[in-house]
Amino acid sequence: MKRRSLAGIGAGAGAALFTLSACGEDSGGDGNGGGGDGYVIGFSQVGAESAWRTANSKSVQDAAAADDRITELKFDDGQQDQEKQIAAVRSFINQAVDAIVIAPVVETGWTDVLTEASDAGIPVVLADRGVEAADEDLYVTRLGSDFEAEGRSAGEWAATTFATTPDFKILELTGTTGSAPANDRKAGFFAVLDEKGVAYTLVDSQTGNFTAEEGKATMETFITTHGLDGIQLLYAHNDEMGLGAIQAIEESGKAPGTDIQIIIVDGSKAGFQAGVDGKVNYIVECNPAFGEQLMDVVVDVIEGGSPEKFTPVEEGVFGPDQFEAELPNRQF
Ligand code: GYE
């Protein structure tokens with residue numbers, strides 16, 4: 001493994017003291033985990049809960065394998081369990097990796113382990129999800145989506161679509177409780193409705209933990225509790241929960257996309273197919289394919305760079321008239 005000369009945390013003084021010999025001879029190692037002399041990175045991933053996540057893991061692993069600057073990416077699947085993620089990060093610290101990448105399942109509860117990484121002089125880069133603002137000094141940068149902007153895009157479409165439906169009724173399937181995308185997709189969505197002065201009622205909002213199974217189960221509870229008559233919109237924070245809910249709606253005898261309109265976030269192949277089938281009405285894209293960009297950020301940080309605190313990945317939005325043309329372009 002390549003050794004950093006000093007316990008810098010990427011930016012600032014540690015960066016300035018990084019010695020050239022550490023990278024001069026080493027860059028251009030054989031990569032691919034083949035025992036070369038490049039960097040060793042630990043990556044604590046959230047889990048494998050969605051097509052988005054699987055595509056994201058593949059993007060990061062493929063990018064690391066193809067990158068001559070990286071000798072090894074130690075990959076740990078946290079199975080949506082913060083304790084498992086913390087244990088993985090501690091193990092990376094013990095192995096004295098060159099940098100740690102974390103996709104934190106929830107926003108809170110990271111202070112101790114981030115402090116341990118900082119004390120060990122190992123820079124931490126957040127990928128995808130963020131942590132609470134109080135811990136901002138304990139990581140170098142976050143590369144991922146602007147989840148609030150995603151929520152705002154969904155809110156813009158809802159405000160326009162239901163502009164002339166007085167007091168329209170909403171059901172919300174939220175992502176993992178306490179996760180950055182669940183918090184921010186909700187906040188952005190309702191901020192837009194409130195700013196625009198649209199009259200709505202949030203009939204119910206419960207988590208589906210970003211999975212199809214839990215999305216379906218929560219939708220079944222919504223249907224039992226409230227029925228679907230008079231409800232105009234389901235806002236699902238990801239594709240899987242939306243797809244699970246579609247099943248529950250169909251099993252109850254209603255037509256998803258028609259009897260109740262549906263917004264999903266991610267834009268997987270399956271999500272777009274549901275759009276082409278008329279079961280989804282609006283898709284907010286969330287882009288998981290940032291592996292190469294992540295490798296550049298991580299190497300930059302190891303070598304003492306001080307990137308912006310947040311780098312957003314590019315994403316778009318899609319309405320019904322774009323679903324069919326876009327489906328073949330989807331990568332996950
Ligand atoms: O939208 C969802 C996944 O954190 C952006 O996590 C990610 C979200 C994504 O489970 O499908």
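Predicted model: local features only at pLDDT ≥ 70, side-chain atom pairs only at ≥ 80, totals over all residues.
Colleague: How do you know what span is expected for helix 11?
Modeller: Take 1.5 Å times one less than the number of residues. Helix 11 (a DSSP run of H or I, at least four residues) covers 291–302, twelve residues. From first C-alpha to last, helix 11 reaches 16 Å, close to the 16 Å expected.

Colleague: Why is F290 called buried?
Modeller: Buried means under 20% relative accessible area. F290 has 1%, so F290 is buried.

Colleague: What is F290 in contact with, leaving aside neighbours within four places in sequence?
Modeller: With W52, N56, S59, A127, D128, L143, G144 and V313 (contact: heavy atoms within 4.5 Å). The C-alpha atoms of F290 and G144 are separated by 7.8 Å, though 146 residues apart along the chain.

Colleague: Why are helix 9 and helix 10 called oblique?
Modeller: Their axes cross at roughly 45 degrees and come within 9 Å. Under 35 is roughly parallel, over 145 roughly antiparallel, 65 to 115 roughly perpendicular, the rest oblique. Helix 9 and helix 10 are therefore oblique.

Colleague: What makes the contact of helix 9 with helix 10?
Modeller: D239, L243 and I246 of helix 9 meet A270, G271 and A274 of helix 10.

Methods: Residues numbered from 1 in each chain as written. Heavy atoms only, no water. Axes fitted to C-alpha atoms, helices over the stretch in contact; angles between N-to-C directions. Helix = DSSP H or I, 4+ residues; strand = E, 2+ residues; numbered from the N terminus. Buried < 20%, exposed > 50% of the residue type's maximum accessible area, 1.4 Å probe, protein only.
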